[in-house]
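I opened my notebook for a friendly walk through one structure. Here is what I looked up, entry by entry.

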Amino acid sequence: MLDKRLVIIIGHYGSGKSEFAVNYAVKMKENHDFVSIADLDIVNPYFRSREKREFFEEIGIKVYDSSIRNVAVDLPALPAELMGVILNPNSRSVLDVGGDPVGARVLARYSEQIKNVEYDMFFVINGRRPETSTVEGVLKYLKLIEATSKLKISGLINNTHLLKDTTVEDVEFGHELTKKVSWETDIPIRYEACIKDTALQITNKEILEKLFPINLYMREEWMS
Amino acid sequence: MSKVLMKGNEAVGAAAIKAGCKYFFGYPITPSSEIPEYMSKALPEAGGVFLQAESEVAAINMVYGAGGAGARVMTASSSPGISLKQEGITYIAGAEVPCVIVNMMRGGPGLGSIQPGQADYFQSTRGGGNGDYRTLCYAPSSIQEIVDLVILGFDKADYYRNPVLIVADGMIGQMMEAVEFKDPAPIDLPEKDWATTGTGGKRQPNVVNSLFLQAEELQAHNDRLEKKYKLIEENEVLYEAYGLEEAEVVLVAYGTTSRIVKTAMKQAEAKGIKVGIIRPITLWPFPHDVFKTIGNNAKGILTVEMSAGQMIDDVKIAVEGRLPVYFNGTQGGMVPTPASVLADIEKIAGGTK
């Protein structure tokens, strides 16, 4: 992976940021010894990447989350170790940030430090979310979140999906949407994320070039 | 409209607006806070009014007022917040005012936890407030179903002049799923000629009230309510059932747990055990009659709930002592696993074939 040492994942609420971040960290671990993921979600009470702590630790990825170690608490507490995660040149790190400008606000507190290191900030787009199904909708959130974070978005992730119901058509719809956003913003598309079963059926060359097949780690087997 | 991905709580708001809900009064609480958050943005855009009340008690009384004036109105909360609303709910039921109340249940008792729970079954089906009243109570198991039931709920509330509860757990509120908003089938609803809409100087004032000072009048009022509840029992039972005739073990679960149970059922069938399922979609009225269709192969019933066992009472009433009724439950925000349900199925069936 050619991405920078520090990768920040942001986007509209419910775009699949945590699922992408989790998959990204697992992928990173294939090529790097020291990988960590920091769950900075101060918005959601459920479905946060910290719930997968055991899974990460088993495969050797370090997890940093709230300083209050309890998955059933929705207090906006951040880990003190976060500064180390940002500054440590020897570890690859993924920052899984909460949705919308309200979630991105945690980044502003660290923006001065982050600006001094090599980082990528990826904006995750799900074209099947009602608020980000149009170029205007995506641009609105992109600009608001970027402004709140005080950092620069360096790549777009097409993560257009309907969970296990995702079709090739959904991914292609999201690709066209993300392309238009890329054109408007001059921010390149970095990945085209898609669940593995659907990824096998994709034929569009532009999507295949940047395809990032993902597992649904955050979904229980009984969930759709 | 094509499918979109929505969180349960957002979908509840969108469905209510689709059903013509014009007023929302509430007070945020995890895990249902996205409902007021969504309504605060979307309802004014749809020509309605969102108001964050100073408390749950205030919110439910605003619902009482708006519903009494004939408007389509909703409130939503989670377990402790719904407890606070009970006084208002019995007033609304007594005054026969239509409204929709959503409960994204969390762990209890008391403040409990913010994780999912199903321990408000008694409160929802027996009436958490005082007096002889009933509330039609829907228990969706998916985001699509909660959308459909919220829309249906508004019609049923108007039709019966009765509060309708949508009882889901925090998992349904917080979970994302693909959902489609279909145009609801139009139904004939009576004019709201009882509502306090202003006399225009042409008629006597309408009074919306639950106070009857004469014993005979209150008895007559209660008799009339009873007749209405009987009618609801006869006409509004909804459930999903599968494989009851051949089943060795029958699983009973609603909402989120019904999905876990279905996963366990498939695993049991792969091991050669015949499993049936009853999923109540209305908790009140409870689908008692479908239990009569359970065949003679059945060795037992397994009720699965995120509570210490509440629906199990209704299951026992429905089974009429024909079969033993077993229980698998979790509390505190724990969600039962398909593996634990499978283990119970195997025990009841007498081991793997």
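**Entry 1: a glutamine to begin with**

I started at B:Gln174, which is buried with a relative accessible area of 2%. Buried means under 20% relative accessible area, exposed over 50%, and partly exposed in between, with a 1.4 Å probe and protein chains only. B:Gln174 lies in helix α8 (residues 170-174) of chain B. I noted how elements get their names: helices (H or I, at least four residues) and strands (E, at least two) are DSSP runs, numbered from the N terminus.

Before going on, I wrote down that this is a predicted model, in which local features need pLDDT of at least 70 and side-chain atom pairs count only at pLDDT 80 or more, while totals for chains, interfaces and linings use all residues. Residues are numbered from 1 along each chain as its sequence is written, chains are lettered from A and ligands numbered from 1 in the order in which they are written, and side-chain values use heavy atoms, with hydrogens and water left out.

Which residues does B:Gln174 touch, not counting residues up to four places away in sequence? I found A:Asn44, A:Pro45, A:Tyr46 and A:Phe47 from chain A, together with B:Lys7, B:Asn9, B:Pro31 and B:Glu34. Contact here means heavy atoms within 4.5 Å. A polar atom of the B:Gln174 side chain lies 3.0 Å from the backbone oxygen of B:Pro31.

**Entry 2: two cis prolines**

The peptide bond from B:Thr30 to B:Pro31 is cis, with omega near 5°. Another cis bond runs from B:Gly108 to B:Pro109, with omega near 0°. I located B:Pro109 in the loop between β5 (99-105) and α6 (121-127) of chain B.

**Entry 3: where the chains meet**

Next I looked at chain A and chain B together. I counted 25 residues of chain A in contact with 28 residues of chain B. The size of an interface is often given as the accessible area lost when the parts come together. For chain A and chain B this is about 2200 Å², 60% of it on carbon and sulfur atoms; the area is taken with a 1.4 Å probe and summed over both parts.

How many salt bridges does the rule find across the interface of chain A and chain B? I got two, a salt bridge being a side-chain nitrogen of Lys or Arg within 4 Å of a carboxyl oxygen of Asp or Glu. A:Arg129 forms a salt bridge with B:Glu10, and their closest N and O atoms are 2.7 Å apart.

I then turned to helix α9 (residues 215-235) of chain B, which has 21 residues. From first C-alpha to last, α9(B) reaches 30 Å, close to the 30 Å expected at 1.5 Å a residue; the expected span is 1.5 Å times one less than the number of residues. Its buried residues are B:His221, B:Leu225, B:Lys228, B:Tyr229 and B:Ile232. Seen down the axis of α9(B), they fall within an arc of 100°, so they line one face of the helix. The arc is that of the directions from the helix axis to the C-beta atoms. On the other side of α9(B), I found B:Ala215, B:Glu216, B:Lys227 and B:Glu234 exposed.

The buried residues of α9(B) pack against α5 (86-94), β6 (136-138), α7 (143-160) and β12 (282-284) of chain B. I zoomed in on B:His221, which has a relative accessible area of 8%. Its side chain reaches the backbone oxygen of B:Gly94 at 2.8 Å.

Last, I checked phi in chain A. A:Asp100, in helix α4 (residues 100-108) of chain A, has a positive phi near 65°. A:Asp186 has a positive phi of about 60° although it is not a glycine. Buried or exposed? A:Asp100 is buried at 15%, whereas A:Asp186 counts as exposed at 69%.

Terms used. Buried area = accessible area lost by both parts, 1.4 Å probe. Polar contact = N/O pair within 3.5 Å; in protein donor to acceptor, adjacent residues only side chain to side chain.
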